[in-house]
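This report walks through one protein chain for a reader who has not seen it before. Please look over the sequence and the structure first, and then follow the sections below.

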Amino acid sequence: MDKKDKAAHFDVIKENNKRLIRNLVRDYDSLSKAELAGYSSLSVPTVAAALYDLVENNIVMELEGKSSGGRPGSIYSLNPNYA
């Protein structure tokens with residue numbers, strides 16, 4: 001596999017990860033990064049990278065979660081304005 005094929009392969013994996021995260025957020029209404037990592041079997045950094053792209057493209061919204069004494073975590077929900 002040459003360099004070009006490897007790059008294309010990783011692009012396909014990234015798109016599949018984003019699709020998986022988007023579908024989970026849609027199916028469960030709102031989830032944290034840790035919950036998404038657990039449901040998807042992806043690592044938290046991989047989930048974070050996918051979420052970053054989804055939030056930047058206004059597909060997913062980042063909401064403030066509840067705090068149990070510390071800094072509140074983020075909760076992610078599908079953007080209702082995204083078609």
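A residue is called buried when its relative accessible area is under 20%, and exposed when that area is over 50%. The model discussed here is a predicted one.

## Overall layout

The chain holds 3 helices and 3 strands, and, read from the N terminus, its elements follow the order α-β-α-α-β-β. Of its 83 residues, 25% count as buried. When contacts between residues at least 6 apart in sequence are considered, 38% of them join residues at least 24 apart.

## Isoleucine 21 in helix H1

Isoleucine 21 belongs to helix H1, which covers residues 3–28. Because the relative accessible area of isoleucine 21 is 0%, this residue counts as buried. Setting aside residues up to four places away in sequence, isoleucine 21 touches Leu36, Ser40, Leu42, Val47, Ala50, Leu51 and Leu54.

## How H2 and H3 meet

Helix H2 spans residues 33–40 and helix H3 spans residues 44–56, and the two pack with their axes 9 Å apart, at an angle of about 110°. An angle of 65 to 115 degrees counts as roughly perpendicular, and H2 and H3 are therefore described as roughly perpendicular to each other. Their crossing is right-handed.

On the H2 side, the residues that take part are Lys33, Leu36, Ala37 and Ser40, and they meet Val44, Val47, Ala48 and Leu51 in H3. Sorted by class, this contact of H2 with H3 comprises 6 nonpolar residues, 1 polar residue and 1 charged residue.

## Two loop residues with positive phi

Most residues other than glycine have a negative phi. Serine 41, although it is not a glycine, has a positive phi of about 65°. Serine 41 sits in the loop between H2 and H3, and it counts as exposed because its relative accessibility is 68%.

Asparagine 58 likewise is a residue other than glycine with a positive phi, in this case near 60°. The loop that contains asparagine 58 runs between H3 and strand S2, the latter made up of residues 60–64.

Serine 32 itself is found in the loop between strand S1, residues 30–31, and H2, and its relative accessible area of 16% is the reason why it counts as buried.

Serine 77 lies in strand S3, which is formed by residues 74–78, and with a relative accessibility of 11% it also counts as buried. Its side chain reaches the backbone oxygen of aspartate 29 at 3.1 Å. Once neighbours within four places in sequence are left aside, serine 77 is in contact with Val25, Asp29, Ser30, Val60, Met61 and Leu63.

Definitions and conventions: Residues are numbered from 1 along each chain as its sequence is written. This is a predicted model: local features need pLDDT of at least 70, side-chain atom pairs count only at pLDDT 80 or more; totals for chains, interfaces and linings use all residues. Side-chain values use heavy atoms; hydrogens and water are left out. Axes are lines fitted to C-alpha atoms, for helices over the stretch in contact, and angles run from 0 to 180 degrees between N-to-C directions. Helices (H or I, at least four residues) and strands (E, at least two) are DSSP runs, numbered from the N terminus. Angles under 35 degrees count as roughly parallel, over 145 as roughly antiparallel, 65 to 115 as roughly perpendicular and the rest as oblique. A crossing is left-handed if the near helix is turned anticlockwise from the far one by less than a right angle, and right-handed if clockwise. Contact means heavy atoms within 4.5 Å. Ala, Val, Leu, Ile, Met, Phe, Trp, Tyr, Cys and Pro count as nonpolar, Asp, Glu, Lys and Arg as charged, and the others, Gly among them, as polar. Buried means under 20% relative accessible area, exposed over 50%, partly exposed in between (1.4 Å probe, protein chains only). A polar contact is a pair of N or O atoms within 3.5 Å; within protein, one must be able to donate a hydrogen and the other to accept it, and residues adjacent in sequence count only if both atoms are side-chain atoms.
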